[in-house]
Amino acid sequence: MYDLQLIGVGKTYPDGTVAVSDFDLAVEPGEFVAFLGPSGCGKSTTLRMIAGFEDISNGDILIKGKNVSATPPEKRPTSMIFQNYALFPHMTVRQNIGFGLDVKGLSTAEKNAKVDRIMDMFGLNEFADRKADRLSGGQRQRIALARGLVVEPDILLLDEPLGALDANLRRVIQNELKLLQRELGITFVFVTHAQSEALGLSDRIVVMNRGRVEQIGTPHEVYAAPATEFVARFIGSNAIIEGANLRIEGDMASVETAFGRLRGRCASSITPGASVLVAIPAEAMRIQRTGTAGGSENRLHGKVSMKHAVGSVGHFKVDLDGKQSVDVQTSTDNEALMQLAIGDAVIVDCPSDRVTLVGQG
Ligand code: ADP
């Protein structure tokens, strides 16, 4: 049985804004799922509908097989962690964490035992009696997590919980979050607009755009095999080249482009007759001096227009006949390539199994 199912879920706000439409998703027990997309694409609205803070306009939400569409939030087996943590500043750490248990009618002894256990787990014991507004961002973040988990939810919902932290602390807490999720085996649904966070933390990513699901897949799937133009542009760093005259050959296809015929895997968004885009990941492109033997199909001719090195990675910008430029990376260990100078003629190529053809729009 799935832990969470969204079936044709949609949300239209009273002012007519369609925030979410036709959202289908099935989440396995213990999965870590991220909703990823730009601001305003409907991530938080969907999370709030799962928590019960927002009514559903269409469709149904099931938790562990039970339809909770009409169940009030406090009766759902979910906990939500908000971006601003929503702690009570004048309550102590202990009171904040215990708050969720107060409404559950536990005895004081049971409540204290649960709060003590979770404070132990999060290393919060020494702050137990400190007021929440006297703590650092990272500590507040841990309290918010502890407060969400102390009620032992089936599903933990996290709405950009790392957004308020600086980059270093964010990395530390990301690692902790992943370890914690593995240890507890609780299903996590995590909202973020940061692709690195979604790619690094989750088992599966739901890529959203304008209230719709563009693709659901593992981080590797959405990264290496984007299903749509939006995903190809939003995830990773793909060179996007327009194509026409589609020729399908099994699960591969080729199109005519300004740089010759290019070949790649065929995404499901391709429909015969529609415009096609070729998505080539920057890290799958190889660069070589024109005239050098070797190289695979999908060869693009151009000139080096920019070059710089950051650490062990060499970055080149290659101008393709003045029509478009692509970014290519290489290891700085490759001395022959690092000797390339601006203006040198080069060939950029990419094996077709790393290239994806997606429908335009
Ligand atoms: P995200 O979390 O991806 O940034 P939201 O779910 O917050 O997106 O918002 C999705 C869309 O719904 C946006 O266009 C937003 O302006 C709109 N929206 C959010 N909350 C409300 C509301 N209470 N009333 C009307 N429109 C809303």
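1. Let's start at the ligand: it has 13 residues around it, and Gly40, Gly42, Lys43, Ser44 and Thr45 come nearest. Please keep in mind throughout that this is a predicted model. By class, the shell around the ligand holds 6 polar, 4 nonpolar and 3 charged residues.

2. Gly40 places a backbone N or O atom 2.6 Å from an oxygen atom of the ligand. For Cys41, a polar backbone atom is 3.1 Å from a ligand oxygen. Lys43 uses its side chain instead: a polar atom there lies 2.9 Å from an oxygen atom of the ligand. On its own the ligand has 560 Å² of accessible area, and the protein covers 63% of that.

3. Which helix gives the largest share of the shell around the ligand? That is helix H1, residues 43-51, with 4 residues. H1 is largely enclosed by the rest of the structure, because 7 of its 9 residues are buried. The buried ones are Lys43, Thr45, Thr46, Leu47, Met49, Ile50 and Ala51.

4. Now for the largest pocket, which holds about 690 Å³ of space. Its lining counts 25 residues, and Thr78, Ser79, Met80, Gly100 and Val151 lie nearest the centre of the pocket. By class, the lining divides into 15 nonpolar, 6 charged and 4 polar residues.

5. Where does that lining come from? Strand S6 (78-81), helix H2 (93-102) and helix H4 (137-149) each supply at least two residues. S6 gives the most, with 4 residues.

6. Arg147 deserves a comment of its own. This residue sits in helix H4, one of the elements that supply at least two residues of the pocket lining. Is Arg147 buried or exposed? Its relative accessible area is 15%, which is under the 20% cut-off, so Arg147 counts as buried. The side chain of Arg147 reaches the backbone oxygen of Ala86, at 3.0 Å.

7. Ala70 is found in the loop between strand S5 (66-67) and S6. With a relative accessibility of 79%, which is over 50%, Ala70 counts as exposed. Ile56 is 14 residues away from Ala70 along the chain, and the C-alpha atoms of the two are separated by 8.6 Å.

8. Two backbone angles may be worth checking by eye. Most residues other than glycine have a negative phi. Lys64, however, has a positive phi near 50°, and Asn298 has a positive phi near 55°. Lys64 lies in the loop between strand S4 (58-63) and S5, whereas Asn298 is in the loop between strand S15 (286-289) and strand S16 (299-310).

9. What about the accessibility of these two residues? Lys64 has a relative accessible area of 36%, so it counts as partly exposed, between the 20% and 50% cut-offs. Asn298 is at 7% relative accessibility and therefore counts as buried.

Technical notes: Residues are numbered from 1 along each chain as its sequence is written. This is a predicted model: local features need pLDDT of at least 70, side-chain atom pairs count only at pLDDT 80 or more; totals for chains, interfaces and linings use all residues. Side-chain values use heavy atoms; hydrogens and water are left out. A residue is near a molecule or strand if one of its heavy atoms lies within 4 Å of it. A polar contact is a pair of N or O atoms within 3.5 Å; within protein, one must be able to donate a hydrogen and the other to accept it, and residues adjacent in sequence count only if both atoms are side-chain atoms. Accessible areas come from the Shrake-Rupley method with a 1.4 Å probe; for residues, only the protein chains shown count as cover. Ala, Val, Leu, Ile, Met, Phe, Trp, Tyr, Cys and Pro count as nonpolar, Asp, Glu, Lys and Arg as charged, and the others, Gly among them, as polar. On a 1 Å grid over the protein atoms alone, a cavity is a set of points where a 1.4 Å probe fits but cannot get out, and a pocket is an open set with protein on both sides within 12 Å along at least five of seven lines; lining residues have an atom within 4 Å of a point. Grid points are joined across faces, edges and corners, and a volume is the space filled by probe spheres set on the points. Buried means under 20% relative accessible area, exposed over 50%, partly exposed in between (1.4 Å probe, protein chains only).
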